[in-house]
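Trainee: I've just opened this one and I'm new to it. Could we go through it together?

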Amino acid sequence: MSENILMKKNENQKKQIAGRLREAREYAGLSQGQVAQMLDMHRPTITEIEAGRRNVSADELSEMAKIYDVSVSWLLGEDTAIEGNQLASYELAARELSKLKKDDIEVVLKLLRTLRNQKG
């Protein structure tokens with residue numbers, strides 16, 4: 001019985017790490033292909049890691065943390081806040097905005113003005 005609980009806990013932790021790796025990669029604005037190239041891996045390997053179907057080694061986890069500018073402890077679920085710098089957040093926002101149509105950008109700008117006015 002306790003072995004079953006331990007297996008379930010390990011599986012949940014594996015899924016959490018996989019999810020955080022995907023989240024950190026997306027937050028960094030990188031594709032799976034880009035990360036695979038940086039780590040000298042095949043893109044499907046990154047897919048497998050992010051799906052929780054492949055274990056990630058300590059060395060791989062450390063390298064990914066450096067690439068994504070997050071701590072290993074955050075990837076492991078020990079910390080709750082991403083440690084990326086504010087400039088990286090602005091760069092990610094700019095990349096996402098560049099993908100929008102002009103009308104959608106106007107909606108986002110209106111939303112930003114509303115948020116700023118509510119806080120001021």
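Trainee: Is D40 buried or exposed?

Mentor: Keep in mind that we're looking at a predicted model. D40 is found in the loop between α2 and α3. The cut-off for exposed is over 50% relative accessible area. D40 has 73% relative accessibility, so D40 counts as exposed.

Trainee: And what is the phi of D40?

Mentor: Here's the background: most residues other than glycine have a negative phi. D40 is not a glycine, yet its phi is positive. The value is about 55°.

Trainee: How many helices and how many strands does the protein have?

Mentor: Read along the sequence and you get the pattern α-α-α-α-α-α-α. That comes to seven helices and zero strands.

Trainee: Why are the buried residues of α4 on the same side?

Mentor: Start with the list for helix α4, residues 58–68: the buried ones are E60, L61, M64, A65 and Y68. They cover an arc of only 140° around the axis, which puts them on the same side of α4.

Trainee: Which element gives the most to the largest nonpolar core?

Mentor: That core has 17 residues, and those with the most contacts inside it are L21, I46, M64, Y68, V70 and L75. The elements that give two or more residues to it are α1 (2–27), α2 (32–38), α3, α4 and α5 (72–75). With four residues, the one that gives the most is α4.

Trainee: What does L21 touch, leaving out residues up to four places away in sequence?

Mentor: L21 is among the core residues with the most contacts inside that core. As general background, nonpolar side chains tend to be buried together in soluble globular proteins. The residues L21 touches are I49, E50, V56, L61, M64, Y68 and L75.

Trainee: How far apart in space are P44 and Q32?

Mentor: P44 is in helix α3, residues 43–50. P44 counts as partly exposed, at 45% relative accessibility. P44 and Q32 are 12 residues apart in sequence, and their C-alpha to C-alpha distance is 8.2 Å.

Trainee: Which residues make the nonpolar surface patch?

Mentor: L115 is one of them. L115 lies in helix α7, residues 102–119, and is partly exposed, with a relative accessible area of 39%. The patch covers about 340 Å², and its residues are L109, L111, L112 and L115.

Trainee: What share of the protein's accessible surface belongs to carbon and sulfur atoms?

Mentor: Of the 120 residues of the protein, 23% count as buried. The accessible surface comes to about 8,700 Å², and the share belonging to carbon and sulfur atoms is 52%.

Key
Residues numbered from 1 in each chain as written. Predicted model: local features only at pLDDT ≥ 70, side-chain atom pairs only at ≥ 80, totals over all residues. Heavy atoms only, no water. Patch = residues over 30% accessible without salt bridge, like charges linked within 9 Å, V, L, I, M, F, W, Y side chains within 5 Å. Areas by Shrake-Rupley, 256 points an atom, 1.4 Å probe, with all protein chains shown as cover. Salt bridge = Lys/Arg side-chain N within 4 Å of Asp/Glu carboxyl O. Buried < 20%, exposed > 50% of the residue type's maximum accessible area, 1.4 Å probe, protein only. Arc of directions from axis to C-beta. Core = buried A, V, L, I, M, F, W, Y, C linked by side-chain atoms within 4.5 Å. Contact = heavy atoms within 4.5 Å.
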